[in-house]
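Below are my notes on the model, as numbered points. They start with the overall dimensions and end with one residue.

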Amino acid sequence: MHNIIVASKNRGKISEIRTILSLPGVAISDLYDIGYTDEITETGETFEENALIKARHASRATGLPALGDDSGLVVEALDGQPGVRSARYAGAGASDAANNRKLLQALAGFPSDRREACFYCAMALVRHAEDPAPLLATGSWRGRILEEPLGDGGFGYDPLFWVAEEGCTSAQLSPERKNRLSHRGQALAALLRLVESELEGTG
């Protein structure tokens with residue numbers, strides 16, 4: 001695997017993946033790099049299913065090994081919503097601000113102890129589109145949803161996601177600290193170990 005395509009158009013995700021998934025001799029490309037404009041339809045019921053759908057689609061389109069990421073926010077008091085629909089919680093093409101507003105509306109009146117949430121990430125890496133044994137890794141990050149946003153960093157629901165151990169929201173963390181703590185950082189670290197093990201076995 002000398003070149004891996006990231007099956008995403010989310011620039012925030014792409015930036016974090018490029019930063020964390022550093023492998024000697026392996027270039028990380030994304031859909032913007034190759035001018036790919038088609039939408040990848042996420043039809044899975046779980047993060048893992050959607051991550052694999054994205055990876056296979058991108059690999060089929062490019063002929064390259066591909067990395068699919070599906071991640072989102074799971075709020076217990078909302079029966080797991082927004083879940084796999086996190087990016088389109090307020091509708092197809094919804095902005096981060098619109099998704100955040102809908103989440104705050106859904107949790108209006110909920111006390112602090114009922115605003116617990118978890119960021120979840122699933123990563124799938126396929127060597128080719130029909131890979132029968134994709135590499136899969138997951139990560140999760142627990143926090144609480146605030147009643148109003150704080151911080152200008154990150155993306156998505158980061159301004160609402162309070163990290164008690166850090167005393168701030170995800171949006172107030174430095175990129176380096178967020179990458180060490182986050183669901184995506186955890187999933188990528190696990191995936192990196194799998195990839196390194198495979199490269200060592202073929203070296």
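1. With 203 residues, the protein chain has a radius of gyration of 17 Å, which agrees with the value near 17 Å for a compact globule. The radius is taken over C-alpha atoms, and the globule rule is 2.2 Å times the number of residues to the power 0.38. Along the principal axes, the C-alpha atoms fill a box of roughly 55 × 30 × 25 Å.

2. This is a predicted model, in which local features need pLDDT of at least 70 and side-chain atom pairs count only at pLDDT 80 or more, while totals for chains, interfaces and linings use all residues. Residues are numbered from 1 along each chain as its sequence is written, and side-chain values use heavy atoms, with hydrogens and water left out.

3. The protein chain holds five helices and seven strands, in the sequence order β-α-β-α-β-α-β-β-β-β-α-α. Both are DSSP runs numbered from the N terminus: helices are H or I with at least four residues, strands E with at least two.

4. Glu16 lies in helix H1 (residues 11-20). Glu16 counts as buried because its relative accessibility is 9%; buried means under 20% relative accessible area, with a 1.4 Å probe and protein chains only. Of the 203 residues, 48% count as buried.

5. The Glu16 side chain makes polar contacts with the side chains of Lys178 (2.8 Å) and Arg184 (2.8 Å). A polar contact is a pair of N or O atoms within 3.5 Å; within protein, one must be able to donate a hydrogen and the other to accept it, and residues adjacent in sequence count only if both atoms are side-chain atoms.

Definitions and conventions:
Buried < 20%, exposed > 50% of the residue type's maximum accessible area, 1.4 Å probe, protein only.
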